[in-house]
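Subject: Structure for your files

Hello,

Here is the structure I said I would send. My notes come after it.

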Amino acid sequence: MLIPLSESCRADPNDAKARAELAQYGDDLGYALLLKRIRPDIENATQADITKAAWGTVPRVALLFWSFRIMVGCGFFFILLFGLAFYLVSTGPILRARWLLWVLVFTLPLPWIAAEAGWVVAEVGRQPWVVEGVLPTFLAVSNISANNVLVTLIGFIGFYSTLLLVDIYLMSSTIY
Ligand code: HEM
């Protein structure tokens with residue numbers, strides 16, 4: 001009902017009755033759009049289609065639960081590690097705590113893992129919306145072809161891999 005209503009408003013912006021009804025139910029328009037993914041001709045949607053669309057709003061809890069905990073766990077670990085390193089550096093030479101130096105080396109990938117987990121939290125957590133309650137993700141998908149995206153991705157990978165090799169070369173020649 002909401003979508004035909006918004007279409008009649010667009011066809012005749014002076015249709016006061018349609019505008020008033022749209023203003024009354026407009027807040028739910030995004031939820032009506034969710035149904036379009038399952039049933040493009042939504043005026044013929046069955047109760048089963050509506051139930052399926054409604055279930056689409058339930059997030060994948062396990063993935064969110066663990067990504068969030070991995071991110072926050074890393075965050076608290078960094079705070080603890082910083083506190084410990086600060087204490088040891090302030091009270092004597094850091095080289096006496098060789099074990100800490102090893103822990104620091106193995107901690108290097110953790111910020112990256114935390115950032116990826118955070119990204120999963122943000123992206124999975126907002127599904128199925130791009131704008132919550134207004135614009136569903138499937139309606140906001142870009143029409144750029146997958147091939148275009150692939151070529152750009154390969155370009156980025158090539159460019160940054162070259163920079164990585166130059167970086168490794170410069171660092172090694174400075175160290176040795
Ligand atoms: C210490 C505890 C931390 C808490 C309580 C926390 C909390 C959050 C929350 C609530 C979000 C979701 C934001 C949203 O989209 O609404 C988020 C996203 C994110 N977090 Fe964390 N975070 C923590 C640590 C970290 C750390 C240590 C990193 C990386 C080193 C990190 C990287 C990210 C990234 C990259 C996102 C996605 C941002 C986006 O795409 O909008 N977080 N974090």
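Predicted model: local features only at pLDDT ≥ 70, side-chain atom pairs only at ≥ 80, totals over all residues.

Residues are numbered from 1 along each chain as its sequence is written.

Domains: the assignment for the protein chain gives domain 1 (2-55), domain 2 (60-130) and domain 3 (142-176); such bounds come from an automatic or database assignment. The C-alpha centres of domain 1 and domain 2 are 44 Å apart.

Core: the largest nonpolar core consists of six residues, Ala-32, Leu-33, Leu-34, Leu-35, Ile-42 and Ala-53. Helix H3 (residues 29-38) gives the most to this core, four residues. A core here is a set of buried Ala, Val, Leu, Ile, Met, Phe, Trp, Tyr and Cys residues joined through C-beta atoms within 7 Å; buried means 20 or more other C-beta atoms within 10 Å of the residue's own, exposed 12 or fewer, partly exposed in between, with C-beta atoms placed from the backbone.

Ligand: of the 13 residues around the ligand, Gly-75, Pro-111, Ala-114, Gly-118 and Ala-122 come nearest (near: C-beta atom, placed from the backbone, within 6 Å). H7 supplies the largest share of this shell, seven residues. Helices are DSSP runs of H or I, at least four residues, and strands runs of E, at least two, numbered from the N terminus.

Trp-129: this residue lies in strand E1 (residues 129-131). Trp-129 is partly exposed because 16 other C-beta atoms lie within 10 Å.

Regards
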